[in-house]
Amino acid sequence: MAPRQRVVSAHQEKSFLGAAYDEVTHPENATIVRSVLVFGAGVAFLYSSLGELLLPP
(Lines give C-alpha, C1' and ligand atoms only; values in the text may rest on other atoms or scores of the structure.)
Protein backbone atom coordinates (compact mmCIF):
# COMPACT_ATOMS: atom_id res chain seq x y z
CA MET A 1 0.00 0.00 0.00
CA ALA A 2 1.35 3.40 -0.97
CA PRO A 3 1.92 5.94 1.78
CA ARG A 4 -0.51 8.81 2.03
CA GLN A 5 0.56 11.99 0.41
CA ARG A 6 -0.04 15.32 2.02
CA VAL A 7 -0.82 18.29 -0.16
CA VAL A 8 0.79 21.36 1.33
CA SER A 9 -0.54 24.63 0.03
CA ALA A 10 1.59 27.76 0.14
CA HIS A 11 -1.57 29.87 0.12
CA GLN A 12 -3.13 30.26 3.55
CA GLU A 13 -6.64 31.48 4.09
CA LYS A 14 -6.82 34.82 5.86
CA SER A 15 -8.83 35.20 9.01
CA PHE A 16 -11.92 37.37 9.00
CA LEU A 17 -10.10 40.22 10.72
CA GLY A 18 -7.17 40.01 8.32
CA ALA A 19 -9.45 40.12 5.30
CA ALA A 20 -11.47 42.99 6.81
CA TYR A 21 -8.29 44.96 7.53
CA ASP A 22 -7.12 44.48 3.95
CA GLU A 23 -10.45 45.76 2.61
CA VAL A 24 -10.51 48.78 4.92
CA THR A 25 -6.96 49.81 4.07
CA HIS A 26 -7.40 49.32 0.32
CA PRO A 27 -7.05 52.70 -1.45
CA GLU A 28 -10.20 52.07 -3.47
CA ASN A 29 -12.28 52.13 -0.27
CA ALA A 30 -10.66 55.22 1.28
CA THR A 31 -13.60 57.58 0.66
CA ILE A 32 -16.13 55.17 2.15
CA VAL A 33 -13.99 54.56 5.22
CA ARG A 34 -13.49 58.31 5.70
CA SER A 35 -17.23 58.95 5.38
CA VAL A 36 -18.07 56.31 7.97
CA LEU A 37 -15.48 57.73 10.39
CA VAL A 38 -16.75 61.31 9.98
CA PHE A 39 -20.34 60.15 10.47
CA GLY A 40 -19.34 58.23 13.61
CA ALA A 41 -17.47 61.25 14.99
CA GLY A 42 -20.52 63.47 14.31
CA VAL A 43 -22.88 61.09 16.07
CA ALA A 44 -20.48 60.80 19.02
CA PHE A 45 -20.25 64.61 19.24
CA LEU A 46 -24.00 65.10 19.15
CA TYR A 47 -24.55 62.35 21.72
CA SER A 48 -22.02 63.85 24.12
CA SER A 49 -22.63 66.82 26.38
CA LEU A 50 -20.75 69.01 23.88
CA GLY A 51 -23.69 68.70 21.52
CA GLU A 52 -25.65 70.98 23.83
CA LEU A 53 -23.41 73.86 22.71
CA LEU A 54 -25.33 73.87 19.44
CA LEU A 55 -28.66 74.56 21.15
CA PRO A 56 -29.89 78.17 21.17
CA PRO A 57 -29.74 79.93 24.55
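Helices are taken here as DSSP runs of at least four residues, numbered from the N terminus. In this predicted model, the chain holds two helices and zero strands. Helix H1 covers residues 16-24, and Arg4 lies in the segment that comes before this helix. Helix H2 is formed by residues 30-47, with Leu46 among them.

A radius of gyration of 24 Å was computed for the chain, whereas a compact globule of 57 residues would have a value near 10 Å. The C-alpha atoms, placed along the principal axes, fill a box of roughly 90 × 25 × 10 Å. Of the 57 residues, 4% count as buried, and the accessible surface of the chain amounts to about 6000 Å², with 66% of this area belonging to carbon and sulfur atoms.

Arg4 and Val24 stand 20 residues apart in sequence, and their C-alpha atoms are 41 Å apart in space. Arg4 itself counts as exposed, because its relative accessibility is 84% and the class of exposed residues begins over 50%. For Gln5 and Ala41, which are separated by 36 residues in sequence, the C-alpha to C-alpha distance is 54 Å. Ala41 has its place in helix H2 and, with a relative accessible area of 48%, is classed as partly exposed.

Helix H2 was then considered as a whole. Its 18 residues reach 26 Å from the first C-alpha to the last, close to the 26 Å expected at 1.5 Å a residue. The helix is hardly covered, since the count of buried residues among its 18 residues is zero. Leu46, which is found in this helix, has a relative accessibility of 55% and therefore counts as exposed. Together with Phe45, Leu50, Leu53 and Leu54, Leu46 makes a nonpolar surface patch of about 540 Å².

The UniProt record, in an unreviewed entry, places a feature named "transmembrane region" at residues 32-55. The annotation comes from the record and may be inferred rather than shown by experiment.

Charged side chains were examined last. Side chains of opposite charge can pair when their charged atoms come close. With a salt bridge taken as a side-chain nitrogen of Lys or Arg within 4 Å of a carboxyl oxygen of Asp or Glu, the count comes to one salt bridge. The side chains of Lys14 and Asp22 meet in a salt bridge, with a distance of 2.1 Å from N to O. The two partners fall into separate accessibility classes: Lys14 is exposed, with a relative accessible area of 57%, while Asp22, at 29% relative accessibility, counts as partly exposed.

Notes: Residues numbered from 1 in each chain as written. Predicted model: local features only at pLDDT ≥ 70, side-chain atom pairs only at ≥ 80, totals over all residues. Heavy atoms only, no water. Patch = residues over 30% accessible without salt bridge, like charges linked within 9 Å, V, L, I, M, F, W, Y side chains within 5 Å. Areas by Shrake-Rupley, 256 points an atom, 1.4 Å probe, with all protein chains shown as cover. Buried < 20%, exposed > 50% of the residue type's maximum accessible area, 1.4 Å probe, protein only. Rg over C-alpha atoms; globule rule 2.2 N^0.38 Å. Expected span 1.5 Å × (residues − 1).
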